[in-house]
Amino acid sequence: MGESISTMGIDLFSPFKMGNFNLSHRVVLAPMTRCRAIDEIPGPALADYYKQRSTNGGLLITEATSISNTSPGFPHVPGIYKEEQVEAWKKIVDAVHDQGAIIFCQLWHAGRASHQVYQPNGGSPISSTNKAISNKWKVLLPEGSFESYPEPRALETYEILEVVEDYRRAAINAIRAGFDGIEIHSAHGYLLDQFLKNGINDRTDEYGGSIENRCKFLIQVVEAVASAIGVNRVGVRISPAIDLLDALDSDPLGLGLAVVERLNKIQLEHESKLSYLHVTQPRLTATGKTELDRPNSEEEDPHLIRTLRKSYQGTFMCSGGYTRELGMQAIADDEADLVSFGRLFIANPDLVLRFKLNAPLNKYDRNTFYTSDPVVGYTDYPFLSNESESCL
């Protein structure tokens with residue numbers, strides 16, 4: 001469970017101690033791909049974007065950030081594997097820190113959720129499998145068109161440790177850039193999730209078959225990263241019940257509990273807690289529709305998220321279509337210590353203030369989620385009047 005002694009009177013605006021970090025509230029900027037890092041270099045537009053969403057004592061998680069040149073699956077995503085990327089991130093981190101906020105870098109590898117256009121020498125994307133993502137899903141290409149996902153190449157057993165090393169180096173680079181910590185993206189149908197889910201992973205080596213084998217890659221990454229930068233600077237994101245990009249598992253709860261058990265063991269062995277476990281709850285569906293898009297629908301069975309919350313021995317963060325009301329309820333019911341918000345934060349750079357005042361929210365424009373424009377749909381959403389800022 002989290003580090004709060006009691007949930008009596010606790011809400012989204014209550015302070016929380018996340019390991020070594022003292023958070024002034026529990027509203028977290030969720031990691032969201034925005035496609036504004038031209039040529040994989042985070043530039044001034046990203047500094048403006050993250051600075052706008054920073055609050056004193058608030059936690060931000062960056063967009064998915066490539067750990068290697070085989071990682072990308074979208075146009076203009078930032079990387080953290082080249083020296084020029086590290087130097088560029090320093091300016092963004094400084095802008096966030098100047099506001100008193102805390103920022104984690106989400107380390108990401110798209111795996112088979114990519115295309116030859118994003119791969120070195122036009123090669124096949126790598127994965128746990130040779131099976132392509134179904135035509136139900138399409139990959140966004142640099143010129144803005146959509147195409148079917150290509151057939152990936154299953155990693156050879158010996159290559160997996162090379163990717164583990166990519167994660168380790170990326171984590172070290174993130175700390176060098178000034179980040180307060182990193183989040184390992186092991187959710188939403190990307191590379192690590194492609195090993196976890198038995199609906200994708202069809203391997204017959206030591207990384208396939210049993211839950212223990214399917215968890216092995218993720219746990220090796222967590223161990224490598226924790227040993228490099230400290231376990232207390234590491235967060236992990238999973239989505240056992242989410243079927244994005246065909247990421248299906250026959251036993252989501254069993255898979256989630258298996259990951260939790262292994263993360264608890266790592267914490268025990270290191271005698272230190274991970275920063276957090278970040279779980280996308282089943283409210284996020286294959287269509288991408290959530291409570292934000294269908295507010296009159298019935299809420300899905302919360303059993304999975306509650307079970308993982310009770311089983312995990314550390315700070316627990318949830319995400320997936322939360323509104324202000326659902327976030328307040330999750331904290332009040334002790335279903336989570338922290339709640340991350342995505343699309344609402346895109347359209348409302350001052351979301352924390354708006355939530356605190358229960359003020360009206362700007363509406364987001366889906367058409368500008370994944371464009372490369374450095375301003376439109378990125379840093380041009382309006383703030384509340386400056387007079388209201390004294391309420392924080």
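A cavity is a set of grid points where a 1.4 Å probe fits but cannot get out. With that idea in hand, we can look at this predicted model, whose largest cavity holds about 30 Å³ of space. The protein averages a pLDDT of 93, and 91% of the residues score at least 70.

**The cavity**

- The structure holds 1 cavity of 30 Å³ or more.
- Two elements give two or more residues each to the lining of the largest cavity: β3 (27-29) and β4 (59-61).
- Strand β3 gives the most to this lining, with 3 residues.
- If you want to find the spot in the viewer, look for lining residues including His25, Val27, Val28, Leu29, Leu59 and Leu60.
- By type, the lining divides into 7 nonpolar residues, 3 polar ones and 1 charged one.

**Confidence along the chain**

- Residues 1-6 have a pLDDT that stays under 50, and the model gives this stretch 22 contacts beyond four places in sequence.
- Residues 285-300 also stay under 50 in pLDDT, and here the model has 41 contacts beyond four places in sequence.

**Two buried residues in loops**

- Ser71 is found in the loop between β5 (65-66) and α2.
- Ser71 counts as buried because its relative accessible area is 0%, and the cut-off for buried is under 20%.
- The side chain of Ser71 reaches the backbone nitrogen of Ser68 at 3.1 Å.
- A polar atom of that Ser71 side chain also lies 3.3 Å from the backbone nitrogen of Ile67.
- Leaving aside residues up to four places away in sequence, Ser71 touches Ser66, Trp108, His109 and Ala110.
- Asn348 sits in the loop between α9 (343-347) and α10 (351-357).
- Asn348 has a relative accessibility of 0%, so it counts as buried.
- The backbone oxygen of Leu344 is 2.9 Å from the side chain of Asn348.
- Arg354, Leu361 and Asn362 are touched by Asn348, again not counting residues up to four places away in sequence.

**Residues in helices**

- Ala88 belongs to helix α2 (residues 83-97).
- With a relative accessible area of 12%, Ala88 is buried.
- Ala88 touches Ile41 and Pro42, not counting residues up to four places away in sequence.
- Tyr158 is 70 residues from Ala88 in sequence, and the two are 33 Å apart in space, C-alpha to C-alpha.
- Glu212 has its place in helix α5 (residues 211-229).
- Glu212 is exposed because its relative accessible area is 55%, and the cut-off for exposed is over 50%.
- Although Glu212 and Leu255 are 43 residues apart in sequence, their C-alpha atoms are 9.4 Å apart in space.

**How helix α7 packs**

- Helix α7 spans residues 303-311, and its buried residues are Leu304, Ile305, Thr307, Leu308 and Arg309.
- These buried residues of α7 pack against α6 (252-270), β13 (276-280) and β14 (316-319).

**Two aspartates with a positive phi**

- Asp246 has a positive phi of about 65°, although it is not a glycine.
- Look for Asp246 in the loop between β12 (234-238) and α6.
- Asp246 counts as buried because its relative accessibility is 19%, and buried means under 20%.
- Asp334, which is not a glycine either, has a positive phi of about 60°.
- The loop between α8 (324-332) and β15 (338-341) is the place of Asp334.
- Asp334 is partly exposed, with a relative accessible area of 25%.

Terms used
Residues numbered from 1 in each chain as written. Predicted model: local features only at pLDDT ≥ 70, side-chain atom pairs only at ≥ 80, totals over all residues. Heavy atoms only, no water. Helix = DSSP H or I, 4+ residues; strand = E, 2+ residues; numbered from the N terminus. Buried < 20%, exposed > 50% of the residue type's maximum accessible area, 1.4 Å probe, protein only. Contact = heavy atoms within 4.5 Å. Polar contact = N/O pair within 3.5 Å; in protein donor to acceptor, adjacent residues only side chain to side chain. 1 Å grid on protein atoms, 1.4 Å probe; cavity = no way out; pocket = protein on both sides within 12 Å on 5 of 7 lines; lining within 4 Å. Points joined across faces, edges and corners; volume = space filled by probe spheres on them. Nonpolar A, V, L, I, M, F, W, Y, C, P; charged D, E, K, R; others polar. pLDDT = per-residue confidence, 0-100.
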